[in-house]
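Dear colleague,

Please look through it first, and then read on for what was found in it.

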Amino acid sequence: MRSLYQLIDFVLWFYSLLLIIYVVTGLLINLGVVNAYNRVVSGIYEFLMRVTEPVLKPIRRILPNFGPVDLSPLVVFILIWFARNLLAEYWPVLMGASSPATSN
């Protein structure tokens, strides 16, 4: 069962890494540092958009409009951080070990 915990933790970590790359790539494209018409750049950005937008879009609908500033990636980072910490704390409880309050 430890393998399942590690797999879930890795998937959450990897998704946050993809989200960071998506944000940085979008910033570099918007600032004109990277050419958006380059096939490699546009392919990578398209892939990252397809992977991250299904999670970011519902959060954008809930958040108020801050103009050009998009805070939805920050909300997703916080949610992933919270999920990873919650998983690390309560995984032993789910697997039948002692409660997290007594394991300190």
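Contact here means heavy atoms within 4.5 Å. With that in hand, among contacts in the protein between residues at least 6 apart in sequence, 58% join residues at least 24 apart.

Some ground rules come next. This is a predicted model, in which local features need pLDDT of at least 70 and side-chain atom pairs count only at pLDDT 80 or more, while totals for chains, interfaces and linings use all residues. Residues are numbered from 1 along each chain as its sequence is written, and side-chain values use heavy atoms, with hydrogens and water left out.

As to the fold, the protein has three helices and zero strands, where helices (H or I, at least four residues) and strands (E, at least two) are DSSP runs numbered from the N terminus. The order of elements from the N terminus on is α-α-α. The radius of gyration, taken over C-alpha atoms, is 18 Å for the protein, whereas a compact globule of 104 residues would have one near 13 Å (the globule rule being 2.2 Å times the number of residues to the power 0.38). The C-alpha trace spans about 55 × 30 × 20 Å along its principal axes.

Turning to burial, 22% of the 104 residues count as buried, a word that stands for under 20% relative accessible area, with exposed meaning over 50% and partly exposed lying in between (1.4 Å probe, protein chains only). The accessible surface of the protein comes to about 7600 Å², and 68% of this belongs to carbon and sulfur atoms; such areas come from the Shrake-Rupley method with a 1.4 Å probe, and for residues only the protein chains shown count as cover.

The largest nonpolar core has nine residues, namely Tyr15, Leu18, Leu19, Tyr22, Leu48, Leu56, Ile59, Val76 and Ile80. At least two residues of this core are supplied by each of α1 (2–30), α2 (39–62) and α3 (72–94), and the largest share, four residues, comes from α1. By a nonpolar core I mean a set of buried Ala, Val, Leu, Ile, Met, Phe, Trp, Tyr and Cys residues joined through side-chain atoms within 4.5 Å.

Ser16 lies in helix α1 and counts as buried because its relative accessibility is 11%; leaving aside neighbours within four places in sequence, Ser16 is in contact with Phe77 and Ile80. Ser16 and Arg84, which are 68 residues apart in sequence, are 11 Å apart in space, C-alpha to C-alpha.

Arg61, by contrast, has its place in helix α2 and is exposed, since its relative accessible area is 64%.

Leu71 is found in the loop between α2 and α3, and Leu71 counts as partly exposed because its relative accessibility is 30%. Not counting residues up to four places away in sequence, Leu71 touches Leu63 and Phe66.

With best wishes
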